[in-house]
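Please keep the sequence and the structure in view while working through the numbered points.

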Amino acid sequence: IFATLKKAENRYFDRQTSTSLKGIAILFIVFGHFFTICLDQQTFNLGAFWQGVILFLFIAGYGLYQKYQLSTDRQAFWKNRILKLYPSLWITLILFIALDYFLLNVKHSIPEILFNFLGGHVTDAFGSVNSPAWFVELIMVLYFIFWVTTKLPFNENIKLIILFVLCFILSAIIYKTPIRNYHGIWTFYTIVFPA
C-alpha cells in the first residue's frame, strides 16, 4: 500500500516533468539574457531571467532531496553531484577562454583561470572568465549547506527548518557585508533552494 501511495504521490513530478521544467527555465534564462544584452530590453529580463533561475533552483532542490532519499551510498552521492558540475563548468570555461583570446584579444591570468576552474566566481578580485558561472558557485554553496544539514541528528522537519534558517543567514550575511559587492545576486535565490 505504501509503495503504491509513494508512486502515486510522485507521478506528476517525475524525471520527465522535472527535465521539461528545467528546459523551460533554461529557455527563460537564455531569452532573458538575449533580450537584455542583444536588444537592451531590461523589462523582459526581470521577468524571464529571475523566474527562470527561481524555477531551476526550485527543481534542483527538489531533485537533490529526492535523489538523496533514494541513495544508499551517501558519500558516493555527494561525490557524483560535484563530479556532474565540474565537467560542464570546465567545458564552458575553456570555450570562453578561447573565444576571449581569439575574438576579443582578452587574456586571462593563470590565478584567474585556476580560481574559475575550481568553481570560484569573484568578479573583482580574480576576475571571471565566464560570468554566468556565479550560478555554479551558488549551487556548490547550497549543496554544502544541504550536506551540513543532513549530518545533523534531528528529524526531517527540524532539518528542514534548519536548512531554511541557514539559507536565510547566508542571504543576510551577503546582504549586510562587503560580500554583497561580489555575490549580491545570491540574495535573490538562496531561499528558493530549500523551498
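**Notes on the predicted model**

1. Thr150 touches Tyr68 and Lys159, not counting residues up to four places away in sequence; here contact means heavy atoms within 4.5 Å. Thr150 is placed in helix H6, where helices (H or I, at least four residues) and strands (E, at least two) are DSSP runs numbered from the N terminus. With a relative accessible area of 15%, Thr150 is buried. Buried means under 20% relative accessible area, exposed means over 50%, and partly exposed lies in between (1.4 Å probe, protein chains only).

2. Residues are numbered from 1 along each chain as its sequence is written, and side-chain values use heavy atoms, with hydrogens and water left out.

3. How many helices and strands does the protein chain have? There are eight helices and zero strands, and along the sequence the pattern reads α-α-α-α-α-α-α-α. The protein chain has 195 residues, of which 33% count as buried. Among its contacts between residues at least 6 apart in sequence, 54% join residues at least 24 apart.

4. Helix H4 (residues 74–104) packs with helix H5 (residues 110–117) at an angle of about 150°, and their axes are 10 Å apart. Axes are lines fitted to C-alpha atoms, for helices over the stretch in contact, and angles run from 0 to 180 degrees between N-to-C directions. H4 is therefore roughly antiparallel to H5. By the cut-offs, angles under 35 degrees count as roughly parallel, over 145 as roughly antiparallel, 65 to 115 as roughly perpendicular and the rest as oblique. On the H4 side the contact is made by Tyr86, Leu89, Trp90, Leu93, Ile94 and Ile97, and on the H5 side by Ile113, Asn116 and Phe117. Sorted by class, this contact has eight nonpolar residues, one polar residue and no charged residues. Ala, Val, Leu, Ile, Met, Phe, Trp, Tyr, Cys and Pro count as nonpolar, Asp, Glu, Lys and Arg as charged, and the others, Gly among them, as polar.

5. H4 also meets helix H6 (residues 134–150): the axes come within 11 Å and cross at roughly 175°. The two helices, H4 and H6, are therefore roughly antiparallel to each other. From H4, the residues Trp78, Arg81, Ile82, Leu85, Tyr86 and Leu89 meet Val136, Ile139, Met140, Tyr143, Phe146 and Trp147 of H6. The contact of H4 with H6 has eleven nonpolar, no polar and one charged residues.

6. Arg81 lies in H4 and, leaving aside neighbours within four places in sequence, is in contact with Leu64, Lys67 and Tyr143.

7. Phe77 is found in H4 and is buried, with a relative accessible area of 9%. Leaving aside neighbours within four places in sequence, Phe77 is in contact with Leu64, Lys67, Tyr68 and Ser71. The C-alpha atoms of Phe77 and Lys67, ten residues apart along the chain, are separated by 8.4 Å.

8. Helix H2 (residues 15–38) includes Arg15, and Leu21 is placed in H2. Arg15 counts as exposed at 63% relative accessibility, whereas Leu21 is partly exposed, with a relative accessible area of 25%. The C-alpha atoms of Leu21 and Phe56, 35 residues apart along the chain, are separated by 7.6 Å. Neighbours within four places in sequence aside, Leu21 is in contact with Phe13, Leu55 and Ile59.

9. Finally, Asn105 lies in the loop between H4 and H5. Most residues other than glycine have a negative phi. Asn105 has a positive phi of about 55° although it is not a glycine. At 58% relative accessibility, Asn105 counts as exposed.

Notes:
Predicted model: local features only at pLDDT ≥ 70, side-chain atom pairs only at ≥ 80, totals over all residues.
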